[in-house]
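Here's a quick tour of the pockets and ring contacts in this one. Have the viewer open as you read.

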Amino acid sequence: MTVIPDSSPVVLLHGWPVTENHWRHLVPVLGKAGYSIIPITLPGLGAAPEGSQSFRKTDLAMWVRNELARQGITRFALIGHDWGATVAALLTAELGSAVTALVVEEEILPGIDIDIPAPGRDYYPTWHGSFNSVPGLADHLVPTNEAVFYGEFLAQSAGPPRIDDEAVNSYIQAYSRSGVLEAGLSYYRTRSGDVADVRRLLTGPLMKTPVLAIGGRYAMGSAVAEGMRLLATNVNGLVFNSSGHYPLEQEPIETSQAILAFLHRYHSTEKHGLSTKPTMLSRLKTSD
């Protein structure tokens, strides 16, 4: 994608087990507002990686930094979901003010011990982390059973609101491709290194980049903001009541507008001249 200089670039990093399709409702909203949209698929998340790759999240953050530098992008906002949010947070910690705004959708970083509140703790699955981490287990059990494996995780993590069947089928199809399973599992098998890297952040100065922490009531909820407050000084928390792990898919209008308001507030007004909208900004309330 060609990026126009000084056009408020916004980098999108999705998680597991979804694809760029996760952004399907957000992209038109950001495009209409004048942002340059740079969706990046992290290696192995719905597409097989090219060559050897480290899946430690600090290494993936540097991979993203290099990809952006190659495109001449040096100042941008970051929006991350799930593992993409962990990578986005680590990249923000590395680059500081080069990241003007950070949106974390449904992620508690490895090494941050925050309990998921009710009702999310009764819906969001916990089995997948251990299952994916055991060498050789998922590698042998998932092939030919991708629809059950990914389908069950997507259903459970979405909670009662669910996500639409067309999206689920597209995710299952993407993660059934050769090489994707093994790479996806590697995201979980670097946990000890990821925990160490995040805990190093906990002992350092807090990030000053403004953060919008988004949770779904039937998944991580307010724990997303609680976790990010251990890392950053300016955290706006939102919980969407009709969402599980995928607010941008389950409540796309409300979530997209909240993100747009946040970007207008922190990513656009200082350098790019886009106007803020008080009626939208008033919706950004810090969660309890």
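**Rings and pockets at a glance**

The structure holds 16 aromatic pairs, where a pair means Phe, Tyr or Trp rings (six-membered ring for Trp) with centres within 6.5 Å, called stacked if the planes are under 30 degrees apart, edge-to-face if over 60 and tilted for the rest. Keep in mind that this is a predicted model: local features need pLDDT of at least 70, side-chain atom pairs count only at pLDDT 80 or more, and totals for chains, interfaces and linings use all residues. Residues are numbered from 1 along each chain as its sequence is written, and side-chain values use heavy atoms, with hydrogens and water left out.

- Tryptophan 16 and phenylalanine 153 make a tilted pair, 5.0 Å centre to centre with 55 degrees between the planes.
- Tryptophan 16 sits in the loop between strand 1 (9-13) and helix 1 (26-32) while phenylalanine 153 is in helix 6 (residues 146-158), so this pair ties together parts 137 residues apart in sequence; helices (H or I, at least four residues) and strands (E, at least two) are DSSP runs numbered from the N terminus.
- Both tryptophan 16 and phenylalanine 153 are buried, that is, under 20% relative accessible area, with exposed meaning over 50% and partly exposed in between (1.4 Å probe, protein chains only).
- Tryptophan 127 and phenylalanine 131 pair edge-to-face, since their centres are 6.4 Å apart and their planes at 70 degrees.
- Those two, tryptophan 127 and phenylalanine 131, are four residues apart in helix 4, so about one helical turn separates them.
- Tryptophan 127 is partly exposed, at 32% relative accessible area.
- Ring pairs link a cluster that includes Trp16, Trp83, Trp127, Phe131 and Phe153.

**A charge over a ring**

- Lysine 57 puts its charged end over the ring of tryptophan 83, 4.3 Å from the ring centre (the cut-offs: NZ of Lys or CZ of Arg within 6 Å of the centre and within 35 degrees of the ring normal).

**Largest pocket**

- The largest pocket has a volume of about 660 Å³; a pocket is an open set of points on a 1 Å grid over the protein atoms alone, where a 1.4 Å probe fits, with protein on both sides within 12 Å along at least five of seven lines, and lining residues have an atom within 4 Å of a point.
- Of its 24 lining residues, Ile108, Tyr124, His128, Arg191 and Met220 are the closest to the centre.
- Helix 4 gives the largest share of that lining, four residues.

Note on methods. Grid points are joined across faces, edges and corners, and a volume is the space filled by probe spheres set on the points.
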